[in-house]
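Have the structure open while you read.

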Amino acid sequence: MAKFHTNFLFFWLTFLLFFSLSVCSRYEQEELQWLDDKDDEINMVQNRHSSLRSCDFGTGKWVYDQSYPLYDATCPYLSTAVTCRKNGRPDSDYEKWKWKPHGCEIPRFDALDFLGKMRRKRIMLVGDSIVRNQWESLVCLVQSVIPTARKTVTYNGPTMAFQALDYETSIEFFWAPFLVELKQGPGSKRILHLDLIEENARYWREVDVLVFDSAHWWTHSEKWSSWDFLMEGNNAYKDMNPMVAYEKGLLTWANWIDLNLDPRKTRVFFRSMSPRHNRENGWKCYNQREPIGYFSHPHVPEQLLVLREVLKRMRFPVYLQDITTMSAFRRDGHPSIYARALGEKAKREMGGYSSDCSHWCLPGVPDTWNEILNAML
């Protein structure tokens with residue numbers, strides 16, 4: 001009997017010791033995971049899992065912030081058309097506005113944090129010249145922490161790629177303003193194929209993060225139309241409601257994403273339409289020095305309504321990054337006449353009638369788009 005009690009006691013003590021060690025081991029691992037992170041990274045993790053996931057980045061207000069911009073206009077990767085300060089724009093306050101969503105904060109862009117998340121990964125921005133505007137912004141946000149000899153830009157057909165060599169990170173831009181294929185047909189006619197996409201989409205395979213935008217080229221007026229004919233299958237159309245055509249093109253894109261990408265390997269964002277502040281909207285961006293304070297009746301572009309409906313019908317989880325309203329406040333952020341270097345006489349003569357109210361000065365509004373993108377990664 002005594003031997004039985006001894007064995008039982010030994011067994012019980014062994015069990016308790018094993019249980020306590022396993023529990024301690026589990027909690028030690030969890031504690032070590034936290035201890036490996038810096039305090040601000042712990043706050044970021046908590047923030048991301050609480051407020052960021054539920055945060056509506058699209059609603060808020062612009063607040064003046066002297067700590068901005070996040071880089072300066074000497075960034076070597078900026079194209080001439082967006083270097084407004086270099087081109088003679090006399091004011092600089094447009095660089096110092098920070099977007100403040102209602103009820104949450106957008107974490108300030110940290111280049112090393114971004115590169116850490118994107119180590120051995122590719123991020124590709126796909127679309128038109130405004131997407132290139134955003135690509136240049138993202139490259140400039142990142143490049144200053146990388147030694148000159150350890151970064152490069154390569155060009156391959158419709159792609160441009162900034163590479164951070166030590167991180168094996170590639171930040172790419174792919175030119176595809178319609179996403180679907182625009183081809184040259186008989187008689188040099190431009191044919192937009194609403195149901196063909198593979199020639200473009202083959203570049204998107206094996207990319208870890210994809211950011212799409214397609215809106216502006218679908219809305220060009222008849223005088224500036226980007227196609228001569230639309231085709232769907234064997235059917236050619238000279239005229240079609242632009243929003244019907246836009247929906248058909250988006251559905252082709254959506255079907256390709258659903259069939260070809262794995263959400264466990266690729267994250268997909270679709271950035272909403274960047275607003276234009278030109279005469280067609282009733283006013284111009286020339287000589288504007290600060291954001292609009294409020295809208296009594298905010299305008300929701302028809303393209304955004306179409307896009308939302310297409311995304312709802314997809315199986316693949318695509319994140320809609322709605323930057324339309326926040327950017328609509330920023331009539332002060334466009335190049336206007338400062339899309340190229342001008343003398344004083346040219347500025348006076350061109351002031352009222354030749355300005356770019358579609359693209360954005362850099363540093364400027366697209367930096368905020370990228371801060372939001374970074375927060376969601």
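Which residues do ring pairs link into a cluster? They are Phe174, Tyr203, Trp204, Phe212, Trp253, Trp256 and Phe270.

A note on the source: this is a predicted model, where local features need pLDDT of at least 70, side-chain atom pairs count only at pLDDT 80 or more, and totals for chains, interfaces and linings use all residues. Residues are numbered from 1 along each chain as its sequence is written, and side-chain values use heavy atoms, with hydrogens and water left out.

Rings of Phe, Tyr and Trp (its six-membered ring) pair if their centres lie within 6.5 Å; planes under 30 degrees apart are stacked, over 60 edge-to-face, and the rest tilted. By this rule there are 21 aromatic pairs. Two of them look like this:

| Pair | Centre to centre | Plane angle | Type |
|---|---|---|---|
| Phe109 and Phe114 | 5.5 Å | 35 degrees | tilted |
| Phe269 and Tyr319 | 5.6 Å | 80 degrees | edge-to-face |

Phe269 in strand β12 (residues 267-271) and Tyr319 in strand β13 (residues 318-321) are 50 residues apart; strands are DSSP runs of E, at least two residues, numbered from the N terminus. Phe269 is buried at 1% relative accessibility, while Tyr319 is partly exposed at 28% (buried is under 20%, exposed over 50%, partly exposed in between, with a 1.4 Å probe and protein chains only).

Now for charges over rings (NZ of Lys or CZ of Arg within 6 Å of the ring centre and within 35 degrees of the ring normal). Arg108 has its charged end over the ring of Tyr68, 4.8 Å from the centre, and Lys238 lies over the face of Phe229 at 5.2 Å.

Key
Helices (H or I, at least four residues) and strands (E, at least two) are DSSP runs, numbered from the N terminus.
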